[in-house]
Amino acid sequence: MTVAKKELLLDVQDLKVHFQIKKENAWPWTKPANLKAVNGVDLQLYAGETLGVVGESGCGKSTLARAIIGLIKATDGNVLWLGQDLTELDDKALRATRSDIQMIFQDPLASLNPRMTIGDIIAEPLRTLRPDIPKQEVSDRVQAMMMKVGLLPNLVNRYPHEFSGGQCQRIGIARALILEPKLIICDEPVSALDVSIQAQVVNLLKQLQREMNLSLIFIAHDLSVVKHISDRVVVMYLGNAVEVGTADALFADPQHPYTQALMSAVPIPDPNIEKGKDIQLLEGELPSPINPPSGCVFRTRCPHADAGCAEQVPSLSGSADHQSACLRLDALQAG
Amino acid sequence: MLSTTANKEAVENFSEQLEVKGRSLWDDARRRFFNNRAALTSLVILGFITLFVFAGPMLSQFAFDEVDWGAMHAAPSVASGHFFGTDSLGRDLFVRTAMGGRISLMVGVMGALVAVLIGTLYGATAGFVGGRTDRVMMRTLEILYSFPFMFFVILLVTFFGRNILLIFIAIGAVSWLDMARIVRGQTLSIKGKEFVEAATVYGVSKWAMITRHIVPNVLGIVAVYATLLVPQMILFESFLSFLGLGVQEPMTSWGSLLNEGAQTMEIALWQLIVPAVFMVTTLFCFNFIGDGLRDALDPKDR
């Protein structure tokens with residue numbers, strides 16, 4: 001399980017994505033508000049590894065993914081892909097790395113063009129980025145890929161609306177894999193699916209990962225899914241990474257108060273245990289990312305916060321396997 | 001384990017026997033269009049009308065501007081050779097309907113074609129690129145909108161003389177404006193969909209994005225609007241002719257034939273009925289074809 005010796009694929013350094021929000025009916029000279037969707041996140045991803053990203057809705061998971069892949073421009077910070085900074089490349093240079101990083105989307109049906117046949121959809125990345133491949137080979141590859149993700153190759157002429165959500169997600173996976181990328185960013189790929197289909201898709205991803213030596217960034221808000229698939233996990237809160245660690249270490253011993261609260265909220269499929277469980281409720285709402293709290297962003301909802309938390313911004317600290325960003329970590333562990 | 005490999009093999013064998021040849025959206029659309037009876041019938045009728053319009057004058061002994069002094073306001077009759085009768089000046093209505101149809105059909109089809117081509121691309125580009133480009137393009141459109149159109153036509157006609165080509169230019173210049181707006185609105189809603197994002201991720205260029213992802217998704221609305229435009233253009237041409245800016249006597253169009261016929265309908269009803277039947281049939285056909293096109297281009301609707 002150790003990841004230390006593997007090749008470093010992706011190194012995200014202090015990534016910030018801020019959006020300028022203009023108020024409605026604002027005067028032209030009023031300053032737009034600054035929404036800090038992602039506010040200084042560091043990530044490392046190694047070859048063949050799965051990195052889970054969890055956090056509640058609106059904490060910046062999807063924005064992080066889109067900034068890594070270049071769909072949203074990063075405000076500040078670097079995204080190093082094999083040592084090359086993606087944020088500084090122009091569109092043309094970026095196309096070269098496109099075939100290495102692909103993405104799977106949350107809404108399986110919306111991510112497929114309703115006017116294209118499945119065959120065309122899966123083939124399009126190949127036709128776009130490798131126009132030199134002959135037609136026959138493209139269609140061979142498409143069919144091989146369809147077999148791989150569990151679709152019958154004779155479905156090539158069907159349209160997306162004729163498929164179920166799970167099948168659509170398989171098509172999305174096939175489209176992402178046809179370029180034989182090294183990294184796939186999965187933006188909540190199973191959130192829109194039934195639980196049984198979720199399992200199929202997650203297991204398919206795991207199996208493909210083994211076969212093709214893929215790395216995955218797996219974004220989800222379902223902790224059990226993340227636990228099942230991830231090697232390492234990042235917990236995000238309000239645009240910040242609050243805890244990073246190997247899945248085993250993090251799930252066995254959540255250190256940050258936010259992670260603890262998240263874990264305690266996971267339902268246990270046994271009513272007897274569930275009844276006796278002590279759920280640690282968080283007070284209040286997620287603060288506005290336009291105006292995040294000073295110091296530790298979690299302090300407004302943290303049951304252990306004290307005056308010091310408002311003044312200092314915590315940074316990730318701990319062993320290589322498990323780090324968390326909490327100023328009162330020592331006190332908590334002692335108490 | 002053995003069974004799964006056996007299963008896989010069976011599936012592979014099975015799938016090899018099935019059709020795996022790719023079909024494009026256009027192949028599918030053609031098949032669906034020809035399965036639509038109303039649309040197909042309309043297409044055939046329209047084909048006959050077109051044939052009549054171009055070959056009709058050859059079947060008659062009269063020329064379109066020839067006055068038959070002995071047969072003014074003559075009723076339709078096979079014996080006299082005036083199959084559809086004559087108008088108030090004794091000109092053969094059969095030939096004139098055919099000649100007028102040429103102008104009307106050309107104006108209608110050209111206007112709609114210009115609208116579809118320019119309007120769709122313009123609107124899709126503005127909507128998809130967005131930002132400053134969008135603002136500049138849409139403001140340009142608004143300037144064109146506010147342009148006094150009649151003034152523009154009169155100007156053209158005074159400078160370049162009366163010419164059927166000028167009518168095409170004038171009609172082409174206005175017909176695409178509405179289309180561009182409609183398409184832009186549609187594009188804005190499609191732009192936010194995830195499949196556009198996905199296409200960005202695998203590096204589809206802006207032009208390919210517009211032609212491959214945006215335009216096919218707005219075609220349904222475009223097809224319907226274009227078929228509504230054809231009659232609008234035909235009527236528009238007759239309006240221009242009425243003002244003396246369109247086709248000039250002795251040349252004619254369905255619009256001006258209708259106009260003449262309406263004035264004499266109490267004494268010679270056929271002068272109104274004949275062009276009206278042709279016009280109405282043509283407009284019906286275009287509407288059915290438009291419906292058929294929309295259904296054919298929408299894979300969800302089969």
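Two strands pair if DSSP finds at least two bridges between them. Strands (E, at least two residues) and helices (H or I, at least four residues) are DSSP runs, numbered from the N terminus. This is a predicted model, in which local features need pLDDT of at least 70 and side-chain atom pairs count only at pLDDT 80 or more, while totals for chains, interfaces and linings use all residues. Residues are numbered from 1 along each chain as its sequence is written, and chains are lettered from A and ligands numbered from 1 in the order in which they are written.

**Stop 1: the eight-stranded sheet of chain A**

Select the strands β6-β7-β8-β3-β9-β10-β12-β11 of chain A; in that order they make an open sheet of eight strands with mixed pairing. At its edges lie β6 (101-104) and β11 (317-319) of chain A, each of which pairs on one side only. Neighbouring strands of this sheet are turned by 15° against each other on average, direction ignored. Axes here are lines fitted to C-alpha atoms, for helices over the stretch in contact, and angles run from 0 to 180 degrees between N-to-C directions.

Now pick out residues 183-187 and 215-219 of chain A, which are strands β7 and β8; five bridges pair them in the parallel sense. Which residue of β8(A) is the bridge partner of A:I185? The partner is A:I217.

**Stop 2: the four-stranded sheet of chain A**

Next, select β2-β1-β4-β5 of chain A, four strands that form an open sheet in that order with antiparallel pairing. The edge strands, each pairing on one side only, are β2 (33-46) and β5 (84-85) of chain A. Inside this sheet, β1 (residues 8-21) and β4 (residues 76-81) of chain A run antiparallel and are joined by five bridges. To see one such pair, show A:K16, whose bridge partner in β4(A) is A:D76. Strands of a sheet pair through backbone hydrogen bonds, either parallel or antiparallel.

**Stop 3: a loop residue, A:V313**

Centre on A:V313, in the loop between α10 (271-276) and β11 of chain A. Is A:V313 buried, exposed or partly exposed? A:V313 counts as partly exposed because it has 14 C-beta neighbours inside 10 Å. With C-beta atoms placed from the backbone, a residue is buried if 20 or more other C-beta atoms lie within 10 Å of its own, exposed if 12 or fewer, and partly exposed in between.

Leaving aside residues up to four places away in sequence, A:V313 touches A:G295 and A:C296. Two residues are in contact if their C-beta atoms, placed from the backbone, lie within 7 Å. A distance drawn from A:V313 to A:C326, C-alpha to C-alpha, reads 8.8 Å, and the two are 13 residues apart in sequence.

**Stop 4: chain A as a whole**

Zoom out to chain A, with its 11 helices and 12 strands. Its radius of gyration is 21 Å, close to the 20 Å that the globule rule gives for 335 residues, so chain A is as compact as a globular protein of that length. The radius is taken over C-alpha atoms, and the rule is 2.2 Å times the number of residues to the power 0.38. Along its principal axes the C-alpha trace of chain A spans about 65 × 60 × 45 Å. Of the 335 residues in chain A, 43% are buried.

**Stop 5: chain B**

Switch to chain B, which has 11 helices and zero strands. Chain B has a radius of gyration of 25 Å, well over the 19 Å that the globule rule gives for 302 residues, so it is more spread out than a compact globule. Its C-alpha atoms fill a box of roughly 95 × 50 × 30 Å, taken along the principal axes. Buried residues account for 38% of the 302 residues in chain B.

Within chain B, select α4 (residues 93-129) and α5 (residues 131-146), whose axes come within 7 Å and cross at roughly 145°. Here B:Y122, B:A126, B:G127 and B:V129 of α4(B) meet B:G131, B:T133, B:D134, B:M137 and B:M138 of α5(B). The residues of this contact divide into five nonpolar, three polar and one charged. Ala, Val, Leu, Ile, Met, Phe, Trp, Tyr, Cys and Pro count as nonpolar, Asp, Glu, Lys and Arg as charged, and the others, Gly among them, as polar.

**Stop 6: where the chains touch**

Show both chains: 22 residues of chain B are in contact with 32 residues of chain A. On the chain B side, the elements giving two or more residues are α8 (194-201) and α9 (206-242) of chain B. α8(B) gives the most, with six residues. The residues on this side of chain B divide into 10 nonpolar, six polar and six charged.
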